[in-house]
Amino acid sequence: MAKVPVQFTLNGAEKAEFIDSGTTLLHALRDKIGDTSPKGGCHQGTCGACSVIIDGELRLSCLTLAETCNGAAITTTSGLSKGGVLHPLQRAFLDAFATQCGFCTPGMIMAAKVLLDQTPNPSRDEVVEALSGNICRCTGYEPIIQAVLTAARSNSQNAA
Amino acid sequence: MALALQTFSTVKDANAALKSAGTRYLGGGTLVLRAANEGDVSVSSLIRATEPSLSAITVSGSDVRIGASVTMAAIARHPDLAPLAHAARAVGGPAIRNMATVGGNLFAPAPYGDFTVALLALDATVSIDGGEMPIETFLAERESNHAIVTAVGFTLQVDGGFRFLKVSRVKPKGVSVLSIAAMLEQAPDGTVSSARIGLGCMADRPMRAKAAEKALLGRKLTSSGIAPALAAAGDGSAPITDPIASAWYRNEVLPVHLGRLLLA
């Protein structure tokens with residue numbers, strides 16, 4: 001089968017690849033481009049481990065075909081730290097013990113980033129709603145919710 | 001097996017390509033790619049259409065037309081569709097709502113398809129292949145449909161009458177035990193003059209509760225007034241049994257939740 005070209009921005013850097021038609025974005029990111037931060041969990045749209053941000057919206061990369069992302073701006077968790085300094089969400093997840101096995105963490109952070117980008121000071125209920133498509137089997141969720149609330153407070157303090 | 005995706009700028013061209021065996025239409029991907037990922041080898045190629053009308057929401061007075069590619073998130077945030085926001089937010093989590101489309105929801109098997117339950121209560125029409133058909137007819141025949149759904153249309157009164165309830169075990173996002181939508185009109189004395197009730201998970205696809213609708217006519221929305229409708233709520237239903245709930249359980253709790261919705 002003929003390869004098809006895809007071109008998009010990944011964490012601010014231009015990426016261009018030839019892929020098999022029908023390749024999921026998750027597969028393209030992990031196995032073609034080498035960004036392994038989105039995880040392949042259920043491949044059914046249930047667990048949220050593959051969550052990425054496409055043009056500002058949270059999407060599931062396992063249910064998105066890479067060739068439908070031509071020209072898009074894609075953000076993954078691997079693009080969050082700057083100059084070796086962790087993003088406030090990453091820092092908060094570490095400090096709050098919001099990660100155990102870590103498999104869900106990149107998806108959780110993507111979902112939380114979209115929330116904080118749109119709602120800088122969310123309520124607890126808004127955090128729970130924002131993370132409702134992401135499953136964690138380790139933490140019991142509470143440390144994750146607290147980490148997101150902590151990151152929001154940290155952002156607002158830095159902005160003040 | 002690799003899936004070949006073909007993109008067309010018009011629905012007409014995409015419809016022609018859809019006739020090939022093994023070809024499915026790709027909307028938001030939450031049903032078709034899910035099936036492909038699970039190993040459904042009946043899907044060998046995908047097509048999609050990028051015609052702008054598919055992504056348009058048009059509101060003219062109380063007449064609403066929603067293109068088939070419009071996502072649940074777009075409906076939930078549209079100011080003129082506020083009465084439907086609750087039903088749109090009932091679908092999946094945030095990422096799913098950014099992807100799942102109105103057109104796809106019409107094809108979702110139980111326990112999915114919560115938004116279609118709302119469309120049933122609104123007595124929507126489904127635009128397909130240059131024509132329109134009532135949503136009930138469409139749902140009854142959807143397996144034999146081989147043309148792209150382009151839009152749904154309905155009348156939406158902003159001042160009330162539409163109610164929606166989704167029952168799930170996990171909050172805020174969980175698969176439906178059942179979902180209920182009702183569109184009620186009341187006479188000045190409070191009696192019900194018109195009722196349409198849609199049910200989800202009470203069959204393999206969303207269905208109307210016609211016996212309950214009939215039993216509501218001329219009755220007031222009080223405990224005693226709705227009692228005959230609750231007694232008839234499950235008439236004609238054949239609920240699914242899945243890991244969320246058994247058919248027996250769904251039948252047992254339907255009148256309870258319908259009662260709560262009607263008395264709310």
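**Figure 1. Order of elements in chain A.** From the N terminus, chain A of this predicted model runs β-β-α-β-β-β-α-α-α-α. That makes five helices and five strands. Helices (H or I, at least four residues) and strands (E, at least two) are DSSP runs, numbered from the N terminus. The C-alpha trace of chain A spans about 50 × 35 × 25 Å along its principal axes. A compact globule of 160 residues would have a radius of gyration near 15 Å; chain A has 16 Å, which agrees. The radius of gyration is taken over C-alpha atoms, and the globule rule is 2.2 Å times the number of residues to the power 0.38. Residues are numbered from 1 along each chain as its sequence is written, with chains lettered from A and ligands numbered from 1 in the order in which they are written. Because the model is predicted, local features need pLDDT of at least 70 and side-chain atom pairs count only at pLDDT 80 or more, while totals for chains, interfaces and linings use all residues.

**Figure 2. The two domains of chain A.** Domain 1 covers 3-79 and domain 2 covers 88-159. These bounds come from an automatic or database domain assignment. The C-alpha centres of the two domains lie 22 Å apart. Their contact takes 13 residues from domain 1 and 12 residues from domain 2. Two residues are in contact if their C-beta atoms, placed from the backbone, lie within 7 Å. On the domain 1 side, strand 3 (residues 51-54) gives the most, with three residues. That side of domain 1 divides into seven nonpolar, five polar and one charged. Ala, Val, Leu, Ile, Met, Phe, Trp, Tyr, Cys and Pro count as nonpolar, Asp, Glu, Lys and Arg as charged, and the others, Gly among them, as polar.

**Figure 3. Helix 2 against helix 3 in chain A.** The axes of helix 2 (residues 88-95) and helix 3 (residues 105-118) come within 10 Å and cross at roughly 130 degrees. Axes are lines fitted to C-alpha atoms, for helices over the stretch in contact, and angles run from 0 to 180 degrees between N-to-C directions. Helix 2 and helix 3 of chain A are therefore oblique to each other. Angles under 35 degrees count as roughly parallel, over 145 as roughly antiparallel, 65 to 115 as roughly perpendicular and the rest as oblique. Leu89(A), Gln90(A) and Phe93(A) of helix 2 meet Thr105(A), Ile109(A), Ala112(A) and Lys113(A) of helix 3. By class, this contact holds four nonpolar, two polar and one charged.

**Figure 4. Chain A where it touches chain B.** The contact takes 24 residues from chain A and 20 residues from chain B. On the chain A side, strand 4 (57-60) and helix 4 (124-130) each supply at least two residues. Strand 4 of chain A gives the most, with four residues. The chain A side has nine nonpolar, 10 polar and five charged residues.

**Figure 5. Helix 10 against helix 11 in chain B.** Chain B has 11 helices and 12 strands. Helix 10 (residues 223-231) and helix 11 (residues 247-263) of chain B pack at an angle of about 140 degrees, with their axes 10 Å apart. The two helices of chain B are therefore oblique to each other. Helix 10 contributes Ser223(B), Ile226(B) and Leu230(B) to the contact. Helix 11 contributes Pro255(B), Leu258(B), Gly259(B), Leu262(B) and Leu263(B). The contact has six nonpolar, two polar and no charged residues.
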